[in-house]
Amino acid sequence: MPELLQFCVSGLTVGAVYALVALGFTIIYNASDVVNFAQGEFVMIGGMTTVFATAAGVPLPLAALGAVLVAMVVGLLLHRLAIEPARGASPVTLIIITIGASIFLRGLAQVVFDKQFHSLPAFSGNTPIRFGGAAILPQSFWVLGGAAVIVAVLWAFFNRTLIGKAVLATAANRLAARLVGINTSFVMGLSFVMSAAIGAVAGILVTPITLTSYDVGMLLALKGFAAAMLGGMGNPLGAVVGGLAVGLLEALGAGYISSTYKDAIAFIVILIVLFALPGGLFGKASVERV
Amino acid sequence: MAVFGKCIRGAALLAGVAMVWAAPAAADTIKIGAPLSVTGPASFLGDPEARTLQMYVEKLNAEGGVNGKQLELIVYDDSADANKARTFATRLVEDDQVVAVVGGSTTGTTMAMIPVFEEAGIPFISLAGAVVIIDPVKEFTFKTPHTDRMACEKIFADMQTQGIARIGMISGTGGFDKSMREQCLEVVGNYGIEIVADETYGPSDSDMTPQLTNIKNAAGLQAVVNPGFGQGPAIVTRNYKQLGIDVPLYQSHGVASKSFIDLAGDAAEGVRLPASALLVAEKLPDDDPQKAVVVEYKTTYEEKTGQPVSTFGGHAYDGLMILVEAMQRAGSEDPKAIRDEIEKTSGFMGTAGVVNMSPDDHMGLDLTAFRMLEIRGGDWTLVE
C-alpha cells in the first residue's frame with residue numbers, strides 16, 4: 001500500500017493548486033458571470049515575480065508579499081481596463097476578453113521576465129518526510145496548508161464580513177444588490193483582486209515543486225476550469241473538491257492504469273460525472289426564471 | 001472601376017520599384033535563411049542558435065564574406081509551431097529566394113519544412129535532434145546535432161561497462177522524448193539490457209512521482225534512463241531524489257545545459273548524461289583535437305552574449321561553418337552545387353565532433369562525438 005499513499009500525496013498536492021485556480025474562477029464567476037481564463041496567468045505572475053524578486057536579493061517573504069500585490073494590481077487593472085469598459089456585453093464576449101488578456105499577460109511576461117524555466121528554493125528544505133513508505137516533500141505541506149488557510153479565510157470573509165456578504169448578494173442577484181445600495185462595480189473589482197491574490201499565492205507555494213515559466217498559466221487555467229466544472233461552477237466547496245479530485249484522478253490514473261493516458265483518464269471521469277450531473281458535483285440544477 | 005484600375009497600376013509600380021531594389025542586393029549578397037524557434041517552448045534552443053548565427057555571419061562579413069560576397073542572414077521566429085515554420089519555409093524559398101537554410105530548432109518544425117526545401121531544391125541544414133530527419137536520407141536535408149539513437153547507444157554502452165542489465169525508462173510524450181524512447185527501445189537489445197519498467201509523462205506535467213514509484217517497485221532495477229527535454233527531466237530528477245531511488249539516473253543530451261543543473265538543484269548530483277564536448281570545453285585534455293574549436297566558440301559566444309554557452313548554439317555554429325566551407329569549395333551560390341559540396345564534407349571539426357558526410361549519411365557524426373558526463377558539485381565532469 002505504500003504506492004497508494006504516494007499517489008495520493010502527489011495527487012493532493014497537484015490537486016490543491018487546481019483547487020486554488022478553480023476557487024479563483026468561482027469567485028469571479030459568482031460576482032460577474034465571467035469565466036476568467038486569465039486566472040492561470042495570476043499563478044504565473046505570483047511565481048515569476050517572486051523568483052525575480054528573490055534573484056534581485058529581496059528576502060523570500062517580502063518577495064512573496066510583493067508578488068501577491070503585483071498580481072492584485074494586475075487583477076484590478078484587468079477589471080478596470082478590460083472588463084468594466086465592456087460591461088453590459090454578453091458573458092461570452094467578456095470570456096473572450098479574458099482569453100485575450102491571458103495572451104497579452106503571457107506576452108508581457110516574456111518581455112518583462114524571460115522565457116526560461118525558474119525555480120524557488122523550498123521553504124523548509126528538500127529533505128523528504130518518510131511516512132508509511134511514501135516520501136513527501138515538506139513543500140507539499142505548505143501547498144496543502146496554504147490551500148486550507150485560503151479556503152478558511154474565504155469562508156470567514158463570505159460569511160462573517162459585510163463586504164463578503166455584499167459579494168454574495170451581488171452573486172445572487174446583481175440588480176437587487178444594486179437596489180439595496182451595494183456598489184456592484186466595486187464588488188466585481190474586488191472579486192478580480194481576490195482571485196488574483198489567490199492565484200498568486202498558489203503560484204508562490206507551488207513553484208519550488210513544479211517550477212514556473214511565463215506560460216505555465218495556460219495549462220493551469222484549463223485544469224482549474226475542469227475542476228470548477230466538475231465541482232459545479234460557482235460553488236466554492238465544489239471548486240476545492242473538484243480540484244483535489246482532478247489531481248487525485250491524474251495521479252492514480254498514472255500510477256495504476258497508464259501514465260500515457262492519465263490526462264485522458266481524468267477527463268473521461270469528468271465527462272462521465274457531468275453526464276450524470278450536468279451541474280457538477282455540488283452544482284444546483286439550473287432553473288430558468290420566468 | 002477607375003479606382004480599381006488605379007490600384008492595379010499603383011501595385012505594378014510598387015512591384016517594379018521593389019524589383020529594382022532587390023536586383024543589386026541579390027547580386028551582392030548570399031542569402032541564407034534561418035527559421036528558428038526564438039520564442040515559445042523551444043526558445044532555449046532557438047535563442048542561442050539565432051545569436052550564434054547572427055554573431056558569426058557578422059564576423060564572416062567583417063572578414064570579407066564568402067567567395068567575395070557578403071552573407072545576408074534572414075531569421076524568422078516560428079515559436080516552435082510547425083505550421084508557422086512551414087509558412088516561413090515557403091516565404092524563404094519564394095520571396096527571399098535564399099540559396100541555403102540553416103535552421104529548424106525542433107524536430108517538429110524541421111519535419112514540417114523538409115518537403116518545402118526538398119521540392120525547391122534548397123540545401124537545408126537542420127539543428128534538430130531526431131534521427132527521422134536524415135533517416136531515410138533526403139537529397140537536400142542535412143543535420144548537425146547528434147541523433148537521439150546515438151545518445152541511447154552511448155548511455156547503454158556506459159551501462160554495459162558497469163554491468164547494468166535491468167533498467168527502468170521514463171520518457172516524455174513530446175516529439176524529442178517520444179522519438180528518443182523509440183530509438184532506445186530499438187537498440188537496447190544490442191547491449192543485453194532489459195527494460196523492466198517503461199513509463200511516460202506529459203510535456204507540461206509538474207509531478208512524476210506516481211510513474212517513478214512504479215519504476216522504483218520494478219524487480220531487479222539497476223538504473224533508470226530519462227529520454228527527455230525541457231523542464232520535465234528536471235522534475236523527474238527532483239522526484240527521483242524525493243523518492244530516494246538509489247540506482248544511477250541517466251539523462252539525455254536533451255538537458256545538456258546549465259539551466260538543468262539550476263532547476264534540478266542538489267538532486268542533479270550524480271546524474272549521468274551523454275553530451276557534446278562543448279559543455280566541458282576547458283576540461284578537455286590539451287591533446288584533444290576538438291579542444292581548439294570548442295574553446296574558441298565558447299569564449300566568443302560568452303564574450304558577445306554574456307550568457308553561458310549551450311550545445312544548441314554550437315549546432316548552429318557547426319551548420320553555418322559546414323555551409324560556408326561547402327560554398328567556398330563550390331565557388332558558387334548555386335543551391336545544387338552547395339548541396340553536393342555539403343555532402344562531401346569530411347574531417348570537419350565542429351562543436352559536436354568530427355563530421356564525415358556521405359551520400360548515405362547526412363549527419364556524419366559517430367559515437368566518439370559524445371562524451372559521458374556526470375554532474376558533480378553542481379558542474380559537469382568528464383567520466384571517461
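User: Does α1(A) pass α10(A) in a left-handed or a right-handed crossing?
Analyst: In this predicted model, α1(A) passes α10(A) in a right-handed crossing; a crossing is left-handed if the near helix is turned anticlockwise from the far one by less than a right angle, and right-handed if clockwise. The names refer to helices (H or I, at least four residues) and strands (E, at least two), taken as DSSP runs and numbered from the N terminus.

User: At what angle do they pack, and how far apart are the axes?
Analyst: Helix α1 (residues 2-32) and helix α10 (residues 236-257) of chain A pack at about 145 degrees, with their axes 6 Å apart. The axes are lines fitted to C-alpha atoms, for helices over the stretch in contact, and the angles run from 0 to 180 degrees between N-to-C directions. The contact of α1(A) with α10(A) is made up of 19 nonpolar, eight polar and two charged residues, where Ala, Val, Leu, Ile, Met, Phe, Trp, Tyr, Cys and Pro count as nonpolar, Asp, Glu, Lys and Arg as charged, and the others, Gly among them, as polar.

User: Before I go on, what should I know about numbering and confidence?
Analyst: Residues are numbered from 1 along each chain as its sequence is written, while chains are lettered from A and ligands numbered from 1 in the order in which they are written. As this is a predicted model, local features need pLDDT of at least 70 and side-chain atom pairs count only at pLDDT 80 or more, whereas totals for chains, interfaces and linings use all residues.

User: OK, how many residues of chain B are in contact with chain A?
Analyst: On the chain B side there are 26 residues, in contact with 25 residues of chain A, and a contact requires that the C-beta atoms of two residues, placed from the backbone, lie within 7 Å. The elements giving two or more residues to that side of chain B are α2 (43-62), β7 (194-201), α7 (209-216), α8 (232-242) and α9 (258-264). The largest share, five residues, comes from α7(B), and by class this side of chain B has seven nonpolar, 16 polar and three charged residues.

User: How many residues of α7(B) are buried?
Analyst: Eight of the eight residues of α7(B) are buried, so this helix is mostly covered; a residue is buried if 20 or more other C-beta atoms lie within 10 Å of its own, exposed if 12 or fewer, and partly exposed in between, with C-beta atoms placed from the backbone. What covers the buried residues of α7(B) includes α1 and α10 of chain A, together with β6 (166-172), β7, β8 (223-226) and α8 of chain B.

User: And why is α8(B) described as largely enclosed?
Analyst: Because 11 of the 11 residues of α8(B) are buried, the helix is largely enclosed by the rest of the structure. Just after α8(B), G244(B) takes a positive phi of about 70 degrees.

User: Switching topic, what domains does chain B have?
Analyst: The domain assignment gives domain 1 (2-146 + 295-367) and domain 2 (148-275), with bounds that come from an automatic or database domain assignment. Their C-alpha centres lie 32 Å apart, and 14 residues of domain 1 are in contact with 17 residues of domain 2. The domain 1 side of that contact has seven nonpolar, seven polar and no charged residues.

User: Which residues touch the most other members of the largest nonpolar core?
Analyst: V102(B) and L323(B) do, in a core of 109 residues; a nonpolar core is a set of buried Ala, Val, Leu, Ile, Met, Phe, Trp, Tyr and Cys residues joined through C-beta atoms within 7 Å. Helix α11 (residues 311-330) of chain B gives the most to this core, with nine residues, and the core draws at least three residues from each of domain 1 and domain 2 of chain B.
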